[in-house]
Amino acid sequence: MSLPTLTPQDIQRYHRHLIIPDVGSVGQRKLKAAKVLLIGAGGLGSPTAMYLAAAGVGTIGIVDFDVVDVSNLQRQIVHSTRNIGRSKVESAKERLLDINPLIEVVGHEEPLTSENAFRLFEQYDIIINGCDNFPTRYLANDAAVLLKKPLVDGSIFRFEGQANVFLPGQGCYRCLYPAPPPPGAVPSCAEAGVLGVLPGMIGVLQAIETVKLILGIGKSLQGRLLLFDALEMQFREVRVRRDPDCPVCGDHPTIHELIDYEEFCGMPPRESSVEAPVAVAV
Amino acid sequence: MPVEVHVPPLLQKVTNGVKTLRASGSTVNQVLSDLNRQFPGFTSEISDDSGQLHRFVNLYVNDEDVRFLQRMETPVKDGDVVSILPAMAGG
């Protein structure tokens with residue numbers, strides 16, 4: 001595929017990229033051609049989306065079905081007080097295009113489900129996970145593995161965060177965490193709280209990793225789980241290996257299609273089974 | 001032999017808020033048993049009734065997941081760092 005050309009507006013706006021030898025004109029054209037999908041316009045999705053928009057990533061998709069709540073604004077910096085009650089997708093789109101009108105922002109105002117995940121993921125090169133619950137984490141992982149899409153993952157809890165990158169064929173979220181905790185065993189941010197600044201740190205790490213993947217430069221977080229402790233102001237990392245016994249990306253996979261992730265995570269069945277929406281970033 | 005153990009926020013309720021502990025043992029299993037002596041209820045937070053480690057909790061010796069070593073029988077030596085990392089979902 002040939003890369004798009006840079007317009008005079010692009011050249012002005014991205015000057016500080018263009019003068020870095022590792023980015024340059026070709027790199028900026030790669031960014032312009034790139035299509036990334038953000039799962040959730042929440043704590044992690046906010047800084048990730050804003051920096052990727054500013055960096056000139058040509059197409060940013062956002063999947064989220066939620067509306068902006070006043071309690072989101074302590075950390076979800078893509079949204080504004082005047083947008084309370086408005087859809088997060090619309091609110092984020094407005095802010096991102098305000099930062100950079102030269103890009104395209106595509107809103108997918110729907111929950112990510114087993115029914116729509118393939119349709120959504122197929123349209124993008126890289127999936128960035130900023131969701132807030134286990135069913136969506138396993139769903140996003142399986143869909144990314146089955147479609148061979150890179151997944152840039154991040155998660156947060158109170159003062160601590162984790163980030164890593166899963167590249168096709170090199171291990172996945174199930175290799176790292178084979179099974180979800182039973183409901184209630186690991187509290188969510190809504191239940192346990194989260195330092196408002198923390199998703200800024202982890203979300204920006206995800207944005208950096210995404211840009212590096214698009215440019216094809218540097219050493220990615222693939223194979224490494226980066227751990228951040230805000231109270232200690234400490235970064236550590238542990239190794240992430242591909243598990244040959246992994247049910248989705250192992251040598252003899254048993255999962256070949258998307259399943260019911262709420263059931264997988266031990267949640268009671270819904271009364272209407274037509275479509276089982278999975279919550280995205282609160 | 002003393003090793004350093006990093007404890008996640010969820011376990012700090014049984015360690016009186018302490019996140020870095022010292023424990024003795026020559027395997028991961030022995031280190032966890034020592035921690036359970038120091039802090040009763042410690043292992044039940046990360047294992048099921050039969051003593052199996054929960055599958056959403058990972059244990060690392062230094063930077064290596066014990067599932068890819070010798071699991072609970074993974075040897076540890078003086079100065080090793082054992083990390084307990086449950087999955088987190090927040091975003």
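Predicted model: local features only at pLDDT ≥ 70, side-chain atom pairs only at ≥ 80, totals over all residues.
Two strands pair if DSSP finds at least two bridges between them. Helices (H or I, at least four residues) and strands (E, at least two) are DSSP runs, numbered from the N terminus.

Residues are numbered from 1 along each chain as its sequence is written, and chains are lettered from A and ligands numbered from 1 in the order in which they are written.

**Stop 1: a hairpin in chain B**

Select strand 3 and strand 4 of chain B. Two residues lie between the strands of this hairpin, and N62(B) has a positive phi near 55 degrees. Strand 4 covers residues 64-65 and runs antiparallel to strand 3, with two bridges joining them. Click on Y60(B): its bridge partner in strand 4 of chain B is D65(B).

Which residue of strand 5 of chain B stands opposite Y60(B)? Look for S83(B).

**Stop 2: the two faces of strand 3**

Stay on strand 3 of chain B and show its side chains. In a regular strand the side chains alternate between the two faces of the sheet. Here V57(B), L59(B) and V61(B) point one way, whereas N58(B) and Y60(B) point the other way.

Are these residues buried or exposed? All are buried. A residue counts as buried if 20 or more other C-beta atoms lie within 10 Å of its own, as exposed if 12 or fewer do, and as partly exposed in between, with C-beta atoms placed from the backbone. Because five of the five residues of strand 3 (residues 57-61) of chain B are buried, the strand is largely enclosed by the rest of the structure.

**Stop 3: the whole of chain B**

Zoom out to chain B, which has two helices and five strands. Along the sequence they follow the pattern β-β-α-α-β-β-β. The radius of gyration of chain B is 12 Å, close to the 12 Å that the globule rule gives for 91 residues, so chain B is as compact as a globular protein of that length. That radius is taken over C-alpha atoms, and the globule rule is 2.2 Å times the number of residues to the power 0.38. The C-alpha trace of chain B spans about 35 × 30 × 25 Å along its principal axes, and 38% of the 91 residues count as buried.

**Stop 4: where the chains touch**

Show both chains together. In contact here are 18 residues of chain B and 31 residues of chain A; two residues are in contact if their C-beta atoms, placed from the backbone, lie within 7 Å.

**Stop 5**

Chain A contains eleven helices and eight strands. Colour the strands to find an open sheet of eight strands in the order 3-2-1-4-5-6-7-8, with mixed pairing. Its edge strands, each pairing on one side only, are strand 3 (104-108) and strand 8 (234-239) of chain A.

Next, select strand 1 (residues 35-39) and strand 4 (residues 126-129) of chain A, which run parallel and are joined by four bridges. V36(A) has I126(A) as its bridge partner in strand 4 of chain A.

Helix 5 of chain A packs on the sheet, touching strand 2 (59-63) and strand 3 of chain A, and its direction makes about 175 degrees with that of strand 3. Axes are lines fitted to C-alpha atoms, for helices over the stretch in contact, and angles run from 0 to 180 degrees between N-to-C directions.

**Stop 6: two packed helices**

Select helix 4 (residues 45-55) and helix 5 (residues 88-99) of chain A: they pack at an angle of about 35 degrees, with their axes 8 Å apart. The contact is made by A49(A), M50(A), A53(A) and A54(A) of helix 4 with A92(A), L96(A) and I99(A) of helix 5.

**Last view**
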